[in-house]
Amino acid sequence: MNTNTCLDSLPPLVMKKRRALALLLAPFAMIGTGRAKPAADLTVGEKLLTEFWEKIYNLPQDLGTIDRLCTEDFILTTSGKDVVGRAAFKEWARSFSSKIRDVKLRSLDMFSSADGTRVVSRWVVTGFNRGMFGTPPDDQPVEFTGIAVWEVRDGKLAHNWVERSALELMQKLKGEGK
């Protein structure tokens with residue numbers, strides 16, 4: 001049986017460079033895979049966001065966490081509109097979560113800018129419909145994905161720009177496009 005691969009035919013210098021490159025890039029091998037990084041490797045923003053997801057969009061919901069993790073002038077930009085200030089955001093989060101029974105957010109991926117001022121996250125929310133998008137609270141299973149970009153300022157979350165698969169979920173809940 002021939003166990004030779006196309007790599008076996010590369011000159012030794014090329015193989016040496018490939019090994020060196022692999023060793024150099026090894027610390028970044030987990031980036032973008034959706035696998036959790038060890039807590040010690042998380043940036044300040046990633047630590048803030050991990051706690052934020054856990055306490056705000058999972059049960060039991062603890063909206064007091066917003067005061068600790070977010071700046072006073074926190075902004076949520078969603079659907080092209082700004083929700084400004086921690087108090088307004090708490091009300092938005094309370095209302096949003098009230099429309100999903102057993103709400104659960106699972107982080108799929110998270111990474112930071114080199115200077116630590118931005119965190120990007122990819123996530124999925126699951127639960128059961130309690131009247132999202134003005135639909136009857138029929139307890140249909142809901143699942144939607146999203147991507148959020150976060151500004152980190154002075155060790156707190158300052159701004160969140162979020163996009164989610166709302167159209168697809170609304171169509172499903174309204175029985176459109178089956």
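## Salt bridges and the nonpolar core

The side chains of E51 and R68 form a salt bridge, with N and O 2.3 Å apart. This pair links distant parts of the chain, since E51 sits in helix α2 and R68 in helix α3 (residues 65–69), 17 residues apart. The model is predicted, and it holds 10 salt bridges.

**Around E51**

- E51 also meets K55 in a salt bridge between their side chains, at 3.8 Å from N to O.
- K55 and E51 both belong to helix α2 (residues 44–56), where they are 4 residues apart, about one turn of the helix.
- E51 has a relative accessible area of 24%, so it counts as partly exposed.
- K55 is partly exposed at 31% relative accessibility, and R68 is partly exposed at 46%.

**A link between a loop and a strand**

- D139 and R101 form a salt bridge whose closest N and O atoms are 2.9 Å apart.
- Because D139 lies in the loop between β4 (118–129) and β5 (141–153) and R101 lies in strand β3 (residues 100–112), the pair ties together parts that are 38 residues apart in sequence.
- D139 is partly exposed, with 36% relative accessibility, and R101 is partly exposed, with 26%.

**The nonpolar core**

- The largest nonpolar core has 33 residues, of which F52, W53, F89 and W150 touch the most other members.
- Leaving out residues up to four places away in sequence, F89 touches F52, Y57, I66, F74, L76 and V83.

Terms used
Residues numbered from 1 in each chain as written. Predicted model: local features only at pLDDT ≥ 70, side-chain atom pairs only at ≥ 80, totals over all residues. Heavy atoms only, no water. Core = buried A, V, L, I, M, F, W, Y, C linked by side-chain atoms within 4.5 Å. Buried < 20%, exposed > 50% of the residue type's maximum accessible area, 1.4 Å probe, protein only. Contact = heavy atoms within 4.5 Å. Salt bridge = Lys/Arg side-chain N within 4 Å of Asp/Glu carboxyl O. Helix = DSSP H or I, 4+ residues; strand = E, 2+ residues; numbered from the N terminus.
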